[in-house]
Every structure is written in structure tokens, then in C-alpha cells.
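Here are my notes for when you open the model. Have the sequence beside you as you go through the points.

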Amino acid sequence: MKKYLISEKGRFYKANLHSHSTVSDGELTPAEMKEMYMKEGYSIIAFTDHSRFVTHNELSDDSFLALNGVENAADEHCESWMHERCCDICFIALSKERKAHPFQNENNIAGDSEYSPFSVEYCTEDVNKMIKTGVENGFFATYNHPTWSLENFERYMSYNGMHAMEIFNKSSEVDGYNEYNPDIYDDMLRGGKRIFCIATDDNHNRAPNTCHWDSFGGFTMIKSESLKYEDVASALLKGDFYASRGPVINALWLDTDDYSIHIQCEKAVRIVCTRGGRRLRSVYAKELGVDYITEAKFSINKDDVYFRITVFDENGMTADTNAYFVDTLSVDFSKDIYVE
């Protein structure tokens, strides 16, 4: 029997879940961003300007959804900004009716200066309080660009309660950082964090049509029954999405009869199943004597803890599914079946 891991119902909508406009330090207005992204096939933008929660419901229509959000930070205060560590969290409102963020003051700014964070110290206790406050007040919380932030294992493993982490951040990549972070995602998963992964632009649009342009590099494909705010918010909470730098995933399901995971995609040269331990598996188009593959099948067992799938295209770009934990799948592992 098929158990769909990304919902069978609805359709995929292309989304950028981390962006900056002229409300903070971006170069384009929200309306200009909408126009530009829609031309590239996007249906959703989360407007997450620094420290300012501003709604953009007026931009939403039958073919576009504006998600309202804010990016807040805990910054370490060093003598030199170049060596300051930080923890940046995006908070995306799960209801379009929300008009304010719990961290904001009466001037609608989360801090004392133009783009400063609200008063939070760069320490585990304050970051976790920030995340907890946002989540309890109806926001989807994502942990952003750990490499750019100079965060290490000790730091990101100490944070709790976020819904997702950025497995890829385009803005950091064009700056020169290695901000494709599957290893950090696996660190967090193997350390017991049950979170999703997203790919984002974090765009500011300061250098259009150059190698430093930070748009159209990372996106999240959300499977939703409609483009209504409440349906997309529900899909985010359920994990009905995948993160991509280019490749397209069409379907993902578990066959409960033989404990096998099936993925269907477009024109892959390699598909990898990562598990909670050492038992990874790869399927290569070349080994099958073809240029591309569009599907793969992997087995799981109760010792895998979790699994996630990565699709590689011919340019080395990736699409990553969320992680799925074996103990949540309601699978009877009493049958002695091994399909690999």
C-alpha cells in the first residue's frame, strides 16, 4: 500500500521563503519583487525583512501569495563585526490575519535602531526564548545560513524548537560561502532534532544580472491544495515540501508492503538515500546505461532512524526532501523483507 510522504493531493507551488525588500536593506520594493519572481515561475514569496514585521496581503491574488514574516537575529558583540557570530531566525506568520510580531515595540520595529534585533543576547538561552516565543505566537521558524553566521556544531545543536533549517542559502553562496549544508542538517537530525529543510534566496538584489545576484538560486516547492494562505501554512507545518537548487521532484511515497521508499523526479544523474547511520545508498544513471533516471527505490528498516532523499542533476545541483523518521511511519517491521 502506498503512503505518500509528500501529499498526493494538491499541486506544487514554487516559493522563496527568505527575502529582503526596501522595507529593510533590499533594493526592490515588495511589488517589484512579486513581478520579478512571478516571471521566473514563482507563486509564493515570504517577505522576511530585518526586524520589521510588515504585512503584504494586498499583493496576494489568484496566482500569487505573499507570506508575511520577519528575520530576527541574536548578534555577538565583538570589537570587529567581521568576527561576530550570530543566529538569524526567520519567522513566517501562519495566518494572514496576524498584524504584529511578539518582538515588536510600538513603532513596529524589533529593536532600537533601524534594523537591529530586539534585545536578545547571543546565547543559547535567549535564542531558544526567541524561537519559543515566535512559535507559540503562530509563526513558522527557520534557522538561517549557519556558515555565514560563523556558527559551529556546539551552537546550532543547542537551539531548539525551530521548524526548519536552511539547507541552502543563495545570498551567502554568491558571497563565497559554502552554504549548501546537508552535513549540518544531518548533524541536527542525528542529534535528535526533528526538523524540515528549505532552500532560499535570502535575496537583496544589489547586483542584478551579475555573478553576485542573489535571486533564483534556492527555492522550496510546497505541495498545497490551493494558494490560499491557510492551505500553504498547513502544508508548511505538515512538511509537504522539498528544497531545491534546480532539480524537480514529482512524488515521494512509502510502500508499506515491502518497506521501500519510491521517488519520482525529472532528469537525474544520481539519487541518494541518506539514513541515520552509515547505510546510505545511491542509484546512478550511468550504471544503468542511461543518460538520466526519473525514479528510484530504496529499502528502509527500523534501525535507519530516519531517511531523506537527494536528487542530483547533470550540473551538480540538488533537490533535498525533508527527513522522515522511521518511528512515525506506522510500519510493521516484523516481516523479513529486504529489497536492496
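**Notes on a predicted model**

1. Let's start with the second largest pocket, which holds about 250 Å³ of space. On a 1 Å grid over the protein atoms alone, a pocket is an open set of points where a 1.4 Å probe fits, with protein on both sides within 12 Å along at least five of seven lines, and lining residues have an atom within 4 Å of a point. Grid points are joined across faces, edges and corners, and the volume is the space filled by probe spheres set on the points. The lining has 15 residues, and Phe196, Ala323, Tyr324, Phe325 and Thr328 are the closest to the pocket's centre. Two or more lining residues come from each of β1 (2-4), α6 (229-238) and β18 (324-325); helices (H or I, at least four residues) and strands (E, at least two) are DSSP runs, numbered from the N terminus.

2. A word on ground rules: this is a predicted model, where local features need pLDDT of at least 70, side-chain atom pairs count only at pLDDT 80 or more, and totals for chains, interfaces and linings use all residues. Residues are numbered from 1 along each chain as its sequence is written, and side-chain values use heavy atoms, with hydrogens and water left out.

3. Next, have a look at strand β3 (residues 44-47), which is covered on both faces: Ile44 and Ala46 are buried on one side, Ile45 and Phe47 on the other. Buried means under 20% relative accessible area, with a 1.4 Å probe and protein chains only. β3 pairs with β2 (residues 11-16) in the parallel sense over 2 bridges, pairing being at least two DSSP bridges between strands. Asn16 sits opposite Ile45. β3 also runs parallel to β4 (residues 65-75), joined by 4 bridges, and here Phe47 faces Asn68.

4. Asn16 turns up again around Thr200, a residue of strand β8 that is in contact with Asn16, Leu17 and His18, among others, leaving aside neighbours within four places in sequence. Contact means heavy atoms within 4.5 Å. Thr200 is buried, at 0% relative accessible area.

5. Is Trp213 buried or exposed? Trp213 lies in the loop between β8 (196-200) and β9 (219-224), and it counts as buried because its relative accessible area is 19%. Beyond its neighbours within four places in sequence, its contacts are Met36, Lys170, Val174, Asn205, Ala207 and Pro208.

6. Lastly, helix α5 (residues 182-190) has Pro182, Ile184, Tyr185, Asp186, Met188 and Leu189 as its buried residues. Just after α5, Gly192 has a positive phi of about 100°.

How values were computed. Buried < 20%, exposed > 50% of the residue type's maximum accessible area, 1.4 Å probe, protein only.
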